[in-house]
Amino acid sequence: MRLGEIGEFGLIDRIAGKVAAGAGVRLGIGDDAAVTETEAGRLLLSTADMLVEGIHFDLSFTDPFRLGRKSLAVNVSDIAAMGGHPRHALLCLAIPTDLPVEFLDRFADGVISLAEEFGVTLIGGDTCRSSSGLVISITLHGEQVPTRIIPRNGARPGDDVFVTGTVGDSALGLELLRRGERSGHAVERHLNPSPRVSAGLSLAESGMASAMIDVSDGVLADLGHILTGSGVGARIDASLIPLSPYFSQRAPDVAPDPLSLALAGGEDYELLFTAAPGRTAEVETLLAACGVTATRIGSIVAGSDVTVTAADGTLIPPRRRGFNHFAP
Ligand SMILES: Nc1ncnc2c1ncn2[C@@H]1O[C@H](COP(=O)(O)OP(=O)(O)O)[C@@H](O)[C@H]1O
Ligand SMILES: Cc1ncc(C[n+]2csc(CCOP(=O)(O)OP(=O)(O)O)c2C)c(N)n1
Ligand SMILES: [Mg+2]
């Protein structure tokens, strides 16, 4: 079916029809603004991310359902990285007129499926025509009590640096997609990432993380934001970087430097965080209870830069740090 047959409001009605009543929603899709409640004593967390066709996704790589899931997942990941509870989302779409209604139905199903998984309710958005590709922008609100919010600026010299799960799979998946593959562990991690909400909440509730960020641009680039925010440096041991068996097997075929893919590839949507020294076992146990591994990859030091060393202590100059939209 063509969008012209149902029009802007027909599309909005179709999306609204998929949304069930949500916690804390007094007034959802349909009025000039949504009306939501926050729990007493909690602060509101707000984040927004865009996904632009050709920049963040290629319609020949993904399907609309997984594109919908990823569009919300990258925002949920930002709330997870604050140690917050994700709550209410606004979905803004600029749509080329030739995109079929069936595509948008599946896309909305994907958004809603991830929303339901993480207790998020879609409460509004905006819809317009695009003359140059599909543009998706989601704003997500979350909540947390003031004492549990984990900012980027709390890392101190001596702290250990941890990352959840494994890194590099998503960047490997993108490279495999470019080479024509359409399935497998890495492709799935690229197209359908899992935000680490329960890990973020556990860290928030335990008070163990001194600083936290999610890995969207790459481990080194995102660690750089913690370092800048905290006024510290870091030493990362390359031999400690957690890689999936699939990555170890496949990355050498497609990347001249697999370590660089793991440290700078991006879109892992894992949590990168720091904790006071000597608590590695505690951190591992805490996150194991959330079904996710946590790996110590290095330490915070005085200074302002990140150095990467091999197991024997020799320096590995990083080829690149991560994704930057306007890098030459
Ligand atoms: N155009 C903009 N106007 C205002 N704030 C922005 C804009 N773009 C990004 N930011 C803010 O800059 C910070 C860094 O953005 P970004 O690198 O996209 O973070 P993230 O990786 O968490 O999505 C965030 O606080 C974000 O809200
Ligand atoms: C078609 C395509 N080309 C390239 C990429 C790689 N890529 C695009 S954006 C990005 C980084 C994350 O996006 P950004 O907008 O910087 O997210 P934020 O840091 O704001 O969360 C990466 C690695 C991709 N996912 N798809
Ligand atoms: Mg962003």
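Student: In what order do the six strands of the open sheet come?

Tutor: The order is β8-β10-β7-β11-β9-β12, with mixed pairing. Strands here are DSSP E runs of at least two residues, and helices are H or I runs of at least four, both numbered from the N terminus. Two strands pair if DSSP finds at least two bridges between them. This is a predicted model, in which local features need pLDDT of at least 70, side-chain atom pairs count only at pLDDT 80 or more, and totals for chains, interfaces and linings use all residues. Residues are numbered from 1 along each chain as its sequence is written, while chains are lettered from A and ligands numbered from 1 in the order in which they are written.

Student: Which strands are at the edges?

Tutor: β8 (209–214) and β12 (306–309) are the edge strands, each pairing on one side only.

Student: And how many bridges join β8 to β10?

Tutor: Five bridges join them, and the two strands run antiparallel. M212 stands opposite F273 in β10.

Student: Changing topic, where does α1 bend?

Tutor: Helix α1 bends at F9, by about 70 degrees. The bend is the angle between axes fitted to the seven residues ending at a residue and the seven starting there.

Student: What about domains: which residues does each one cover?

Tutor: Domain 1 covers 8–148 and domain 2 covers 160–309, bounds that come from an automatic or database domain assignment. Their C-alpha centres lie 25 Å apart.

Student: How many residues does each domain bring to the contact?

Tutor: Domain 1 gives 18 residues and domain 2 gives 18 residues. Residues are in contact if their C-beta atoms, placed from the backbone, lie within 7 Å. On the domain 1 side, α2 supplies the largest share, ten residues.

Methods. Contact = placed C-beta atoms within 7 Å.
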